Amino acid sequence: MADKVLAVEGLKTHFFTRSGVVKAVDGVSLSLAPGEILGLVGESGSGKSVTGFSILGLIDPPGKIVEGTIHLNGRNIAGLPDEEAQKIRGKDLAMIFQDPMMTLNPVLKIETQMVETVLAHEAVSRAAARARAAEALAMVGIPAPEERLDAYPHQFSGGMRQRVAIAIALLHRPRVIIADEPTTALDVTIQSQILAKVQELARDTGTALIWITHDLTVIAGLADRVAVMYAGRIVEQGPVDAVLDAPRHPYTQGLIGSVPSLGRRGSRLAQIPGAAPSLASLPPGCPFAPRCGAAVDLCRRERPALVALGPSIAACHVARQAGDAA
Amino acid sequence: MTDPASLIALEGVSKRFVKPVDLAGKIANMLGANNPTITVHAVDRVTFQLEEGEVVGLVGESGCGKSTVGRLIAGIHAPSEGRLFWHGKDLATLSPEEKKAAKLSIQMIFQDPMASLNPRMRAGDIIGEAPVVHGLVSKAEKADAVATALARVGLDPTYARRYPHQFSGGQRARIGIARALSVNPKVLVCDESVAALDVSIQAQVLNLFMDLRDQLGLTYLFISHDLGVVRHIASRVVIMYLGRIVETAPTEALFDHPAHPYTQALLANVPRLDARRRTFTTIKGEIPSPIHPPPGCHFHPRCPLAGPRCAREAPVLARAVHGGSVACHLNAGGVDA
């Protein structure tokens, strides 16, 4: 485990609501090596964002991490008291959110927000903090960083705002950045600029990334490994090439089939019937079974465990039996 | 000239949004300040046709005017300049009845079904209101018409009594489609209609669009920023940049041999399933403001191939080798001189 900068084991985050216990994250394990980019893929409500929030210690009641460990640099940070978590958040562990307009304070200059972030974790002079902020802005490719520090968030375009958010995340050279759909709201050409920058930063600074998205095509171009989530659990995880070229889990296969792509113009897309189940009342057995074309009796009775299948791991009875037979 | 066989034709259509000087600005102007009115050139002399039965993909990045073109066609905005033709007849010269019929024949489906469905109306009323108002069905027949419309988009007819919040995202998208179809349109303008949906649901809705086209003989203008979706569904693609059409061609030709530098850059930047751990190549800069568009070709400040002519002279759409048209000086005599 020594070479892992982040290791999550058996994480369970449940929300205790009046209509029952919502098992948003229900036994997730993943790990990250320095400089590695892990794509965390899933549809709305699959628990991918809650996984990210749990790692950062940002789960508020009625939500609670009920089980599992989160080791950052070998130290368990799951369920740390708030003051302790504050010391890590923004320093060793940073987050980039989908909409920078929501995360940047609209009435404060960029400088104020960035200097505050620097001073929160380090006792340096304001001038030194400002210099660090300008440096971070330059690193993400914002022209004239010294002048732009005096601007307000609304004076930036969407792509530039997201760069500012990334610059803030980079201020303390964190070991791990969790990015929650950071390019979903951006145009393709701007998205490419951001992705290029992120790739470069991961390579040059050794920062590891968890890239949360619903978009498999972004993961294909960016990530080293990919984990697919469904109904609060990882159903398949492995190297990008293995998962995208030879998906083992029927849900992964369905997701890939749903992506409009080359050479299938005008033909019907492979659609997954139905919709994701409610997390408050999951069916017994495999949660994907009601939508799965390959489901057998066993799938409806018994929940499949993650087992190694080639270079990947997948949680599927049918894929495991096919793997045993081969 | 416009082909009379075209279902819809736009000829040199422009749309400008003008923000007048406010009171404080006017007073300041009297005292010698110089506050100008702000004009957004959303759509700048756009010409294109929609043939019957076609699926045309209208692609561009935010602020390029693609939604405005959709709204001009759907009759939500009136053009500032230029003419719109319906079955070869100028819309401005039609009688009020003909105009109403034309407008009813072109329906729009919006991006966010939660924002475009009235949260306090039941699905049945959302779908059934328009055909009753327009006299297509009587009040007594409304329930039947709603049931048919719901079944057509793959929803259980008993859902008519539910409110929008009781549906999932994919189901709400279907209600938006059912509402548009309830007045028997010929043309659907789909403005980013699948952008907000999860991939597996997006696939369901795209399949539904194609089934409906086969069943009802519809014509689509499919507005999207997602080239993957457009490539899948469209037979012809129109690319816009900052209010102007820069290229239009049959889908295969455009994706195989993009002629305009902007189209080439756009295609190079599309994330694809088969492109792994790639180095992202980027085009520099961002889209300029439509309040002060650059002179000459709108793309020249970001174009890697631009020459002195591009900053001076706006290129016009002209026939290109791939069978479509492109607005680029490289296609018409070069960028020097």
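Me: Which residue of β7(B) is the bridge partner of B:Gln107?

Reply: The bridge partner of B:Gln107 in β7(B) is B:Leu188. This is a predicted model, in which local features need pLDDT of at least 70 and side-chain atom pairs count only at pLDDT 80 or more, whereas totals for chains, interfaces and linings use all residues. Residues are numbered from 1 along each chain as its sequence is written, and chains are lettered from A and ligands numbered from 1 in the order in which they are written.

Me: What makes β6(B) and strand β7 (residues 187-191) of chain B a pair?

Reply: Pairing requires at least two bridges found by DSSP; four bridges join these two strands, which run parallel. The strands themselves are DSSP runs (E, at least two residues), as helices are runs of H or I with at least four residues, numbered from the N terminus.

Me: Why are β6 (106-109) and β11 (318-319) of chain B placed at the edges of their sheet?

Reply: The open sheet of chain B has eight strands in the order β6-β7-β8-β3-β9-β10-β12-β11, with mixed pairing. β6(B) and β11(B) each have a single partner strand, so one side of each lacks a neighbour in the sheet.

Me: Why is B:Gly32 called exposed?

Reply: A residue is exposed if 12 or fewer other C-beta atoms, placed from the backbone, lie within 10 Å of its own, buried if there are 20 or more, and partly exposed in between. B:Gly32 has 6 and is therefore exposed. B:Gly32 lies in the loop between α1 (23-30) and β2 (38-50) of chain B, and its phi is positive, near 105°.

Me: What makes α1(B) hardly covered?

Reply: Among the eight residues of α1(B), the count of buried ones is zero.

Me: With which residues is B:Phe222 in contact, leaving aside neighbours within four places in sequence?

Reply: Contact requires C-beta atoms, placed from the backbone, within 7 Å. On that basis the partners of B:Phe222 include B:Val55, B:Leu58, B:Cys190 and B:Ile233. B:Phe222 is also one of the residues with the most contacts inside the largest nonpolar core, which has 184 residues. Such a core is a set of buried Ala, Val, Leu, Ile, Met, Phe, Trp, Tyr and Cys residues joined through C-beta atoms within 7 Å.

Me: How many residues of chain B are in contact with chain A?

Reply: 34 residues of chain B are in contact with 37 residues of chain A. The largest share of the chain B side, eight residues, comes from α8(B).

Me: How do you know that the radius of gyration of chain A agrees with a compact globule?

Reply: The radius is taken over C-alpha atoms, and the globule rule is 2.2 Å times the number of residues to the power 0.38. For 326 residues the rule gives a value near 20 Å; chain A has 21 Å, so the two agree. Buried residues make up 48% of chain A, and its C-alpha trace spans about 65 × 50 × 40 Å along the principal axes.

Me: Which domains does the assignment give for chain A, and how many residues join them?

Reply: The assignment, automatic or from a database, gives domain 1 (6-92 + 176-262 + 281-325) and domain 2 (105-171) of chain A. Eleven residues of domain 1 are in contact with eleven of domain 2. Helix α8 (residues 188-205) of chain A supplies the largest share of the domain 1 side, five residues. The centres of the two domains, taken over C-alpha atoms, are separated by 30 Å.

Note on methods
Contact = placed C-beta atoms within 7 Å.
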